[in-house]
Amino acid sequence: MARLVAAAAIAAVLCIFIVIFTSGAVNGKYIKYNTGAGIVEGKLNVHLVPHSHDDVGWLKTIDQYYVGSNNSIQGACVECVLDSVVESLRRDPNRKFVFAEQAFFQRWWAEQNLETQEEVKKLVDSGQLEFINGGWSMHDEATCHYIDMIDQTTLGHRMIKKQFNKVPRVGWQIDPFGHSAVQAYLFGAELGFDSLYFARIDYQDREKRKEDKSLEVVWRGSKTFGSSSEIFTSAFPVHYGPPTGFHFEVNDDSSPDSAPVQDNPHLFDYNVEQRVNDFVAAAVTQENVTRTNHIMWTMGDDFQYQYAETWFKQMDKLIHYVNKDGRVNALYSTPSIYADAKNAANESWPLKTDDYFPYADRENAYWTGFFTSRPALKRYVRMLSGYYMAARQLEFLVGRRSSGPHTFSLGDALGIVQHHDAVTGTAKQHTTNDYAKRLAIGASEAESVVNLALSCLVSSRSGNQCAASATQFSQCHLLNISYCPPSEEEIPEEKSLVVVTYNPLGWTRTDIIRIPVNDANLIVQDSKGVIVEAQYMELDNVTINLRNYYTKAYLGVSPKQVRRYWLLFQVSVPPLGWNTYFISKAERSRNGYLSVLKSPENETVDVGPGKLKMSFSLTSGQLKRMVNSKTGVDMPIQQSYLWYRSSGGDMDPQASGAYIFRPDGSIPVAVSRSVPLKVLHGPLVDEVHQQFNSWIYQVTRLYKDKEHAEVEFTIGPIPVEDGVGKEVITQMTANMATEKVFYTDSNGRDFLKRVRDYRADWSLSVNQPVAGNYYPLNLGIFTMDNKSEFSVLVDRATGGASIEDGELELMLHRRMIFDDSRGVGEALDETVCIEDTCQGLTIRGKYYISINQVGTGARWRRTFGQEIYSPLLLAFTHEKMEDWRASHATEGTVMDLDYSLPPNVALITLQELEDGSVLLRLAHLYEAGEDLEYSTMAKVELKKIFAKKTIKGVIETSLSTNQEKSKMRKMNWKVEGDGGEMPVVRGGPVDNSTLVVELGPMEIRTFILTF
């Protein structure tokens, strides 16, 4: 009986529910949400900024991300994002969206019909769609060279200007793993940005800034430029996503507590009041760590808005109901609107100097491993960056071909690879392969540009308009492993191997080049037929083995025969010019010096044909001392290789991986205590060969006319069969009292002071005494005491530190067996395969050591740093020397024959644009106070640079060329405790009659020229 009563009761309730539900469905009505809110004075204003963070490659390749393929790895489709966002913005004129990565947007834009393009232009003009950052990618800030950062930003900004006539106002570096001083001033103030936003700062720094409400600061990134370099900078309280509970992507369960606003009272789970309360509570929480009555919510995350209405519908409702509630004010906004509001509040802001490196997201998790990860990719990027600069110069010198080939594809590939998961070495392996493939394709087309241009230049004896030429040049991009097909061919009888050298620098350059040959009976002559002193070095077995394996693995070919020698000779090349050298078979005895191995008579051996000498112990086989007799610096110094054991996790499961460097203990393992030593002497260069173990080989070279040592290292395959990942360092220890202080560069530009175990902005709790003292290097590192400076320059992005006084170390290679749990999902274990046989990656590279009197090392660092970035470009062909000299221009320059750039100025961009105008950038190389003579105003005479052309117009522009310099306006901010500064030296306007450009210390000036 009881069961029957219960059943009847349930049936009655169901009947009532059905009636109510049916009635609710019939009576439900359309609600027009009020989304047009603006800023309200006196209330807390919550700026909702819709965005999608779209990595230009990471777990998938850029193309896979764009079209939405390979979704078993990650469900992400950027063209879906853009399609969906545009449709959602059309539905409500109050909605807004910001987008950054032009490598994606330009793909999408090119595929749209004219009707859609016109609709998008209207959205941009109305401010609904705003481009922020605006570069080709969201570049990294640790491992990118400043010239690469400029180039990729310019590429994107010029597209936006051309298509929309808009100038981005906002720096949006929300995901890079730490933030550089150069980013703050060069890619902030010099681009005309009003504000800069990011998420990743050290976890200790973030907590301190929350306490004193200093997440938002005025960042003065340049000592040289002082307050003129300031930019308003905002670090997000947590990350670049919305507050917990307000994540609305469809089919995304990453935030299960993000309930949609259910505002139909006739449906279950009506929650308007609850959601408004949640919103207000989250807003007040953020208000408590922020100054003024304006806060920003970043409404988006990685690859969000693939179905944009899931976000916009919820934000429409939140704005409507939160504003009806009245406790706070919610509005659709952008970072530009937010910065304007912050500026109008007339608040005083904390002053930030230096940078935000290194970055740790929690204890024992310093993101300093990626400074070195994938060192071969990092070198390839840096090599092609310098090549891109030279190729654009040559493209300009002979005239850009409308039908191609062009340098754009290399610029496109380099722009993509500056992304913060590309050059960093933190993408999946298949994605990294895709980056390398794009670079190779771009380099191949740029090589065609270079070959055609050089052929044109040397064929034009009159120096006027380029003549057509049948000369076929080839280049050798694998010279570092002695692979050079032109020199593998036998030099035909009565012909010579013609070597054309091009100098992309603005001053005359003398250098020694090395070419692999099979014959030590050769003669080298310069462009006038004068015999040049030559030296031969026998190829070592390590180089031969490397050459054989990697040409087979990468090119699919085996060298025809083993090269036996390096041929070395000195060349001299004019600025922005070329010179020609001829290598021929000698008719009689050998011409040139065959380097010899001498038997030392003492316990030490001294090497060096010039003023710089190095002493090595014959007992240990290791370096003992460096002496520069010209400057009088005598420095005891030791150099060795060691490796840190990569942590696989312990009580704290954090492992070392692609991003994170976590050594298992602070004491590295010495590779060898005793090193076999081989010393070769010659008139041009002395070499010291050291075999540290079976997988580390080093050659130290001292040149006759150079005051530095060149150290070439070959490392790999790193063995991991013992189950231990290894992070390999070179460690140099000098007898110096450096008091914990050393200096590292910022993106190859300024040098910043570092103090071991110290942060200027907070009291550092040291939990990783090694990893927490590593900093990114793009140019180099140095330290000093009261007598001397000890400097090391690098050939690629890498990590460096000074863990003990007088010691400098570089991390050169890493191989892991664990993933570090930061999303990439792979161990950093690079291998190279021939068919089914694989081995760990071997890398070869160089670093350079110099010792100087205190206060004088900057000249070497700045001048030679440019030579590292812009090496001589070599092109080869075969021809009879007499015929070549009679029919070709063997030497030349576009500049006035008696002119070169001042030694403190570099030409960093010379490029003909699509409309025929020419982009010119000049950079002062020195900081204020860095050098007594060179940290001064410099003058460049444009008429003498372009001596063979007539300049008709000069317009100075912003760094990315998207606005005239004279029209740029800077937003002014109040700064707490600003005690004044030294006056800033900047060049004045360019006189149209004299065309002389002035540059103050660290100044970069950008011009559009017409001829």
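Four strands, in the order β15-β18-β17-β20, form an open sheet of mixed pairing, where two strands are taken to pair if DSSP finds at least two bridges between them. The edges of this sheet are β15 (509-517) and β20 (593-594), each of which pairs on one side only. Strand β15 is joined to strand β18 (residues 565-573) in the antiparallel sense over 9 bridges, and within this pairing I515 has L567 of β18 as its bridge partner. The model is a predicted one, in which local features need pLDDT of at least 70 and side-chain atom pairs count only at pLDDT 80 or more, whereas totals for chains, interfaces and linings use all residues. Residues are numbered from 1 along each chain as its sequence is written, and side-chain values use heavy atoms, with hydrogens and water left out. Helices (H or I, at least four residues) and strands (E, at least two) are DSSP runs numbered from the N terminus.

A further open sheet has 3 strands in the order β8-β1-β9, with parallel pairing. Its edge strands, β8 (294-299) and β9 (329-332), each pair on one side only, and the twist from one strand to the next averages 25°. Strand β1 (residues 45-50) pairs with β9 in the parallel sense over 4 bridges, and L48 stands opposite Y332 in β9.

Two helices lie across strands of this sheet. Helix α9 lies across β1, β8 and β9 and runs at about 120° to β8, while helix α11 (residues 335-344) lies across β1 and β8, at about 170° to β8; angles run from 0 to 180 degrees between N-to-C directions, and axes are lines fitted to C-alpha atoms, for helices over the stretch in contact.

Helix α9 (residues 272-287) also packs with helix α10 (residues 309-325), their axes coming within 10 Å and crossing at roughly 80°. The two helices are therefore roughly perpendicular to each other, a term that covers angles of 65 to 115 degrees. In this contact (heavy atoms within 4.5 Å), V272, V276, F279 and V280 of α9 meet L318, Y321, V322 and D325 of α10. By class, the contact of α9 with α10 has 7 nonpolar, no polar and 1 charged residues, with Ala, Val, Leu, Ile, Met, Phe, Trp, Tyr, Cys and Pro counted as nonpolar, Asp, Glu, Lys and Arg as charged, and the others, Gly among them, as polar.

The structure holds 3 disulfides, each defined as a pair of cysteine sulfur atoms within 2.5 Å. One of them links C77 and C80, whose sulfur atoms are 2.1 Å apart, and this link is right-handed, with 75° about the S-S bond.

Technical notes. Angles under 35 degrees count as roughly parallel, over 145 as roughly antiparallel, 65 to 115 as roughly perpendicular and the rest as oblique.
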